[in-house]
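Welcome! Please have a look at it first, and then read on.

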Amino acid sequence: MNKSKNRLRRSGIKIMASLVVLLGSLSYIMVLAVINGSLGFLCAMGVTLFGAVGVAKALGEAVNMSYGFIAAMAVGCGVLRGGLRYIEQYSNHYIAFRLLAVLRDKIFGALRRLCPAKLESKQKGSIIAMITSDIETLEVFYAHTISPICIATVVSLCVFLFVGFVSDFMLALVALMGYITVGIVIPLISSHALKTSGVRYRSEFSSFNAYFLDSIKGIKDIVLNNAGKEREAEVNRRSDKLLDETKKMKRDTAKASAATELAVSLFIFAALAVGTVLVINGALSPGRMIIGVVAVFGSFGPVIAISALPGNLTQTFASGDRVLNLLQEEPAVTPVKNGVRFEYDNLKVTDLSFSYDGEAKILSDICMYAKKGEIIGIIGESGCGKSTFLKLLLRFWQKSGGNIEYNGTDIDRVDSDSLLANVTMVSQTTYLFDDTIEQNLRIANPNATRQQLEEACRLASIYDFIAALPDGFQTGAGTLGDNLSAGEKQRIGLARAFLRGSELILLDEPTSNVDSINEGIILKSLKAQKNKKSIIIVSHRESTMSIADRIYRVREGIMYEQK
Ligand SMILES: Nc1ncnc2c1ncn2[C@@H]1O[C@H](COP(=O)(O)OP(=O)(O)O)[C@@H](O)[C@H]1O
Ligand SMILES: [Mg+2]
């Protein structure tokens, strides 16, 4: 499981290419940032380089510039560097923040497309990780990885040509070897070492975080069981382990940067040595040698910046891979636009079959029907496919075979909006948003009048409970938190369904999490709807079936009506 999580579906190059494509029109600004960055760097080098030109002139080199002009150029380069730096920083930050917005937009778009079917199987935690840390990692990749690589390439190439033409190509070659060693060879070697320690550090880090959070969430139970000492010891043990991994990673990072510094010094020294030999042999004048060596000396900055990247890069690829997987995932169903609209009168299911993965059949040859005003019960053991059946009635998933007909029209031709207007579902657990009870109800129908709101609550037998709260409908659901029982939550879910005004209400185990008093209350509310609303109620409990007009039993994948 863990292994497949760490393995990437795509190669690093492919991920990089796809990520650049994702940039879209922002790539122009990226190019601007790279040009600015490169020019800025060259300007910074220009300050010392014009100094070297001055020295060369003093040594008798034929330089076609006056001392005053050389000094002015050095100062000009310095000033220009400032301006370019400003533009570079500005465009980098612009890209960074725009990118975060663009990526979030894309991910939310994907979530919307995949919702609800495909999101069931994804852990909510992994989605949260994606919209927070993965996106941040990618932002770092775009703003602080691609552009340094481009800048290093541009600057190195410029310096290579400059040194080659102005000084000597032997010298330029030494510099080029230096760039390749520092910018490519060392990062490649050290990335192997950093990969292992980096992965271990991150897994230790997240395991520590999870354990700590878990402990805080369960603090009540820890205190009740007097288990604080053990927990604390375990937190300390994990903290030490994390520190250990941190040290190992830092050590590997330090080794890599030491190797980089050493290589830079060696190549500068080599350039100086080669230059000296050339001068002694009379192949190069001292002035041109100085200009060349000074240029090489100042040109390693951009490639050193690259050597700091590999630690991030594996993580970036993993993040990029996860985000791309999500963006490219196919939804389980595509919404039907401009399909057949209807007003619920009857439902007829014939020979319905379904499997989640295309192999294991969850449902096969299901036949049933329901008429307006009926309460239909479906009973079967846990795991037999009852919830799946209800989801198919809402077309959350695409059925594999057979028909689901509303008023004689197959569900695949029914307009998706019309379907949701006619059919609603109360699922096993009702989620309450951190908002007032009123707003939690209004999600079902934002335009409902106060009277409709109260009526729906009465029907769901939750009105008295809400009215008795100090702030009534304005009570925050968040402040109630655990004080709201499962039965009360479920009744709010029911009120939502009534408020929604759909003709057909699907109830998935509405009484499974509640005590018998609440079960009685909920069933009574539902029974009062007989002939007013159409209801399909699913449960594994016999007692819940008492209100049904007709009952279907599911056994071993087969559904039959109980006579
Ligand atoms: N999203 C899903 N992907 C794959 N298998 C699923 C999914 N949801 C449910 N299942 C499987 O389908 C079977 C029926 O599940 P479900 O319809 O929830 O049963 P019930 O509601 O009757 O308890 C179970 O074996 C369950 O593990
Ligand atoms: Mg179920």
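Two residues are in contact when they have heavy atoms within 4.5 Å of each other. This is a predicted model, in which local features need pLDDT of at least 70 and side-chain atom pairs count only at pLDDT 80 or more, while totals for chains, interfaces and linings use all residues. Residues are numbered from 1 along each chain as its sequence is written, and side-chain values use heavy atoms, with hydrogens and water left out. Helices are DSSP runs (H or I, at least four residues), numbered from the N terminus.

**Helix H2**

- Helix H2 covers residues 12–23, and its 12 residues should span 16 Å at 1.5 Å a residue, which agrees with the 17 Å between its end C-alpha atoms; the expected span is 1.5 Å times one less than the number of residues.
- Ile15, Leu19, Leu22 and Leu23 are the buried residues of H2, where buried means under 20% relative accessible area and exposed over 50%, with partly exposed in between (1.4 Å probe, protein chains only).
- They lie on the same side of H2, because they cover an arc of only 110 degrees around the axis, taken from the directions from the helix axis to the C-beta atoms.
- Ile13, Lys14 and Val21 are exposed on the other side of H2.

**Helices H9 and H10**

- H9 (residues 228–280) packs against H10 (residues 286–297) at an angle of about 170 degrees, and their axes are 10 Å apart; axes are lines fitted to C-alpha atoms, for helices over the stretch in contact, and angles run from 0 to 180 degrees between N-to-C directions.
- That angle makes H9 roughly antiparallel to H10 (over 145 degrees; under 35 is roughly parallel, 65 to 115 roughly perpendicular and the rest oblique).
- From H9, Ile268, Ala271, Leu272, Gly275, Thr276 and Val279 meet Pro286, Met289, Val293, Val296 and Phe297 of H10.

**Helices H19 and H20**

- H19 (residues 486–500) and H20 (residues 516–527) pack at about 10 degrees, with axes 10 Å apart, and are therefore roughly parallel to each other.
- On the H19 side, the contact involves Gly487, Glu488, Gln490, Arg491, Leu494 and Phe498, and on the H20 side Asn518, Ile521, Ile522 and Leu526.

**Ala495**

- Ala495 is found in H19 and counts as buried, at 0% relative accessibility.
- Beyond its neighbours within four places in sequence, Ala495 is in contact with Leu441, Ala456, Cys457, Ala460 and Ile462.

Technical notes
Chains are lettered from A and ligands numbered from 1 in the order in which they are written. Helices (H or I, at least four residues) and strands (E, at least two) are DSSP runs, numbered from the N terminus.
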